[in-house]
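Dear colleague,

I am passing on the structure below, and my notes on it follow. Please read them with the coordinates open.

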Amino acid sequence: MINLGNFSSIFVANWKLNGNIEFIDKYYQNLLPNSENCTIICSPHIFLKSLKSNKVNLFAGAQDVSEYNEGAYTGEISASMVAEYSRYVLVGHSERRMFFNESNDILIKKIMLAYKYNLIPIFCFGENLENREKGDYLSIIKQQIEKVIFPVFSSSVFLNQTLIVAYEPVWAIGTGKHASPEQISEVHDYARNLLIDNIGNIKGSVPILYGGSCNSQNAKSILEQKNVNGLLIGGASLDVDHFTKIIQIAHGLS
Ligand code: PEP
């Protein structure tokens, strides 16, 4: 039984470095989340406060959080600050790992601080093109999960905390080349078993999202896979009508 609460799927929009107040006003006027799904909009931090909405099952999420709680870290935004305006936070997006050199140790600190302030982390993992072509992608994925998620949950303090994970093959992000349903299914089944075998049934029930060039054309075939519990959407989420259409596709499937 996947721990989705009352939701049938989770949809996360990752706006990346995009958006302004006018964009948000229009977006929120036209966005149609629905009662069956959880919809999370991850905006740049500065707009989190503007994402307040009365719409049903619509939540704000941050795209990152500092590994520090307070102190002399100019420009950083801490988990306690993020928690004033949002419930969710992306941790370990491949763009953060690649462009900001975020190591596994840093990601562990971020997840622990997120939990301290009641944020729900959405932990991203996924292989790059070289790993995929060499065929060692499952061992890379194993390492990414093993080195971050297992240490966090080895402490009983965190065992009951909610976690969401997202499989995001780096070669599929922003490239227009999504992973096939078979490729997605293989990794999601693998990740599910890894979590069950190593941190037991509670964490074996975490929602596993897929991200990487999702759009309204491929959403249905991806969402139909057994261990796919939702989607993380970058480019296509910037067009509110397109994003709404993807959410409506899931509605049709449940
Ligand atoms: C992402 O930003 O995590 C992402 C999946 O982007 P895109 O949908 O554009 O590939």
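Which strands make up the closed barrel, and in what order do they run? There are eight, in the order β1-β2-β3-β4-β5-β6-β7-β8, and their pairing is parallel; the twist from one strand to the next averages 25 degrees, where axes are lines fitted to C-alpha atoms (for helices over the stretch in contact) and angles run from 0 to 180 degrees between N-to-C directions.

The model is predicted, so local features need pLDDT of at least 70 and side-chain atom pairs count only at pLDDT 80 or more, whereas totals for chains, interfaces and linings use all residues. Residues are numbered from 1 along each chain as its sequence is written, and side-chain values use heavy atoms, with hydrogens and water left out.

Helices (H or I, at least four residues) and strands (E, at least two) are DSSP runs numbered from the N terminus, and two strands pair if DSSP finds at least two bridges between them. Buried means under 20% relative accessible area, exposed over 50%, and partly exposed in between (1.4 Å probe, protein chains only).

Strand β1 (residues 9-14) has six of its six residues buried: S9, F11 and A13 point one way, while I10, V12 and N14 point the other way. β1 pairs with β2 in the parallel sense over six bridges, and F11 stands opposite T39 of β2.

Strand β2 (residues 37-43) is in turn joined to β3 by five parallel bridges, with C42 partnered by G61. In β3 (residues 58-62), four of the five residues are buried, and two bridges link this strand in parallel to β4 (residues 88-91), where V89 stands opposite A62.

Finally, M98, F99 and F100 form a nonpolar surface patch with about 360 Å² of accessible area together, and F100 lies in the loop between α3 (94-99) and α4 (104-116). Patches take residues with over 30% relative accessible area and no salt bridge, joining like charges within 9 Å and nonpolar side chains (Val, Leu, Ile, Met, Phe, Trp, Tyr) within 5 Å; a salt bridge is a side-chain nitrogen of Lys or Arg within 4 Å of a carboxyl oxygen of Asp or Glu. Accessible areas come from the Shrake-Rupley method with a 1.4 Å probe, and for residues only the protein chains shown count as cover.

With best wishes
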